[in-house]
Amino acid sequence: MKVIYLRFFLLFSSVYIPVNHIYGQLASWNFENVSGPIPSIPILPSALGAGIASGGGSLSGAQNSGSPTTCASPETWATNFWPTTAARNTSSYMSFMVTASEGYRANISGVSFMLSRSSSSAPSDYYVSVFRWGIETFISSGVVPILGCNNFSGTCNVSGTSGGSLEVRIYLSRQNNAAMTATMRIDNVSLSGTTEVALPVSLGYFSGHCNEQNFPKLTWETHSESKNHGFWVQEALPDLVFRDVFFVTGYGESQSKRQYNWRDFQERRGLIYYRLKQIDYDGVFAYSKIIPVSCEQGELLVTQQDNASVSIFLGNQTGYFEEWTLLHSGGNRIQAGKIGINNRQIKITCPNIRTGIYILLLSGKSGNVVKKISWVE
């Protein structure tokens with residue numbers, strides 16, 4: 001029988017200062033600013049948005065074959081692609097990159113462009129992604145018709161780092177290997193989204209897992225830090241009501257990558273959500289994304305989450321019970337509820353309960369289980 005104790009944590013209070021976003025076009029290429037029959041690479045953007053320092057269009061695994069006068073504007077960038085396989089070749093693509101100004105961060109929300117095949121022998125399939133930190137985020141894919149200049153677009157939600165770059169890659173495949181001079185023409189490339197004043201901390205990855213002992217562990221990385229006081233690790237059950245659990249001190253000032261980790265040495269069960277609350281020395285704070293951590297090992301466990309709720313993890317007894325009942329130690333019922341056949345984790349909220357000994361009864365067709373709870377306000 002497990003005895004449950006409540007943990008108290010110091011709460012940090014602060015005033016949240018919102019970040020100003022600049023909405024609009026990050027960069028566009030209409031190729032009317034190129035000179036010569038074959039433009040030099042990288043091809044500079046025709047326009048740059050606020051908060052963007054630079055951009056460029058380039059090639060990988062393809063030939064820069066010129067800028068014919070087709071499609072929507074006087075000039076259209078043409079390329080020869082060599083991959084003949086149906087699947088995309090990860091080393092053969094058009095690249096469009098934007099770099100945020102110092103102190104700003106770029107966020108791509110949409111990509112649009114026009115494609116035209118010089119003949120039926122030109123590549124027919126396209127695949128679009130955003131590339132950052134060695135990771136690609138898929139945006140769109142499809143087939144390009146043989147005739148005409150065709151419009152394509154896709155949406156996403158990808159953020160860069162302070163002063164960092166984001167790269168959109170357009171892969172083309174299914175080239176006819178009998179006609180390798182066939183070209184693919186691209187025009188009116190546009191990257192849309194927002195730029196924003198970067199927060200004092202540029203956060204890289206943030207991930208978590210639960211080990212064999214059901215101890216959660218979180219790891220995260222910062223690319224740069226300015227006036228970083230540190231991070232509150234916050235947790236929540238599936239109701240997503242977060243609470244502070246531990247404070248991790250930051251490096252303060254750093255222009256290199258820094259790694260952090262935190263491990264909970266309390267046994268946990270079920271699905272737990274975590275986020276980071278980053279705080280700078282001026283009291284400004286911001287939240288990271290929310291990540292789920294699943295601790296699925298072991299048998300039934302009952303834990304007191306705060307002074308008004310209990311969490312039940314059914315573990316390998318999921319589906320065994322149909323009802324729960326919370327009783328005073330003398331046998332008087334406080335409240336009860338149903339348990340669905342697929343319910344793995346249950347939260348019982350009792351806002352008016354007082355310190356004392358209570359009984360939790362789990363009942364079902366296969367039998368009953370009784371758990372003793374030492375409730376602490």
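This is a guided tour of a predicted model, one selection at a time.

**Confidence first**

Colour the protein chain by pLDDT. The average is 81, and 90% of the residues score at least 70. Among the elements of the chain, strand 16 (residues 258-263) has the highest mean, 94, while strand 20 (residues 301-306) has the lowest, 72. Now select residues 1-19, where the pLDDT is below 50. Beyond near neighbours in sequence, this stretch still has 45 contacts in the model. Where pLDDT is low, predicted coordinates should not be read in detail.

Keep strand 6 (residues 93-100) and strand 11 (residues 165-173) on display. Seven bridges pair the two in the antiparallel sense. To find one of the pairings, select V98: its bridge partner in strand 11 is L166.

**The nonpolar cores**

Show the side chains of W29, F31, F96, F113, L115 and I186. These have the most contacts inside the largest nonpolar core, which has 35 residues. Strand 7 (residues 104-117) supplies the largest share of this core, five residues. Apart from it lies another core of 18 residues, including L300, I339, I348 and L360.

Go back to F96 and display what surrounds it. Leaving aside neighbours within four places in sequence, F96 is in contact with W29, F31, G56, G57, W77, L166, E167, V168, I170, I186, V189 and L191.

**A serine in a loop**

Next, select S288, in the loop between strand 18 (285-287) and strand 19 (291-295). Is this residue buried or exposed? S288 has a relative accessibility of 15%, so it counts as buried, the cut-off being under 20%. Which atom does its side chain reach at 2.8 Å? It is the backbone nitrogen of L276. Setting aside neighbours within four places in sequence, the contacts of S288 are L203, F206, R275 and L276.

Strand 25 (residues 356-364) and strand 26 run antiparallel and are joined by nine bridges. One of the bridge pairs is G364 with G367 of strand 26.

**Last stop: V370**

Select V370, in strand 26 (residues 367-375). With a relative accessible area of 52%, V370 is exposed, in contrast to S288, which is buried. Beyond its neighbours within four places in sequence, V370 is in contact with I359, L360 and L361. L360 is also among the residues of the 18-residue core. To finish, draw a distance from V370 to T325: the two are 45 residues apart in sequence and 9.7 Å apart in space, C-alpha to C-alpha.

Note on methods: Residues numbered from 1 in each chain as written. Predicted model: local features only at pLDDT ≥ 70, side-chain atom pairs only at ≥ 80, totals over all residues. Heavy atoms only, no water. Pairing = 2+ DSSP bridges. Helix = DSSP H or I, 4+ residues; strand = E, 2+ residues; numbered from the N terminus. Buried < 20%, exposed > 50% of the residue type's maximum accessible area, 1.4 Å probe, protein only. Polar contact = N/O pair within 3.5 Å; in protein donor to acceptor, adjacent residues only side chain to side chain. Contact = heavy atoms within 4.5 Å. Core = buried A, V, L, I, M, F, W, Y, C linked by side-chain atoms within 4.5 Å. pLDDT = per-residue confidence, 0-100.
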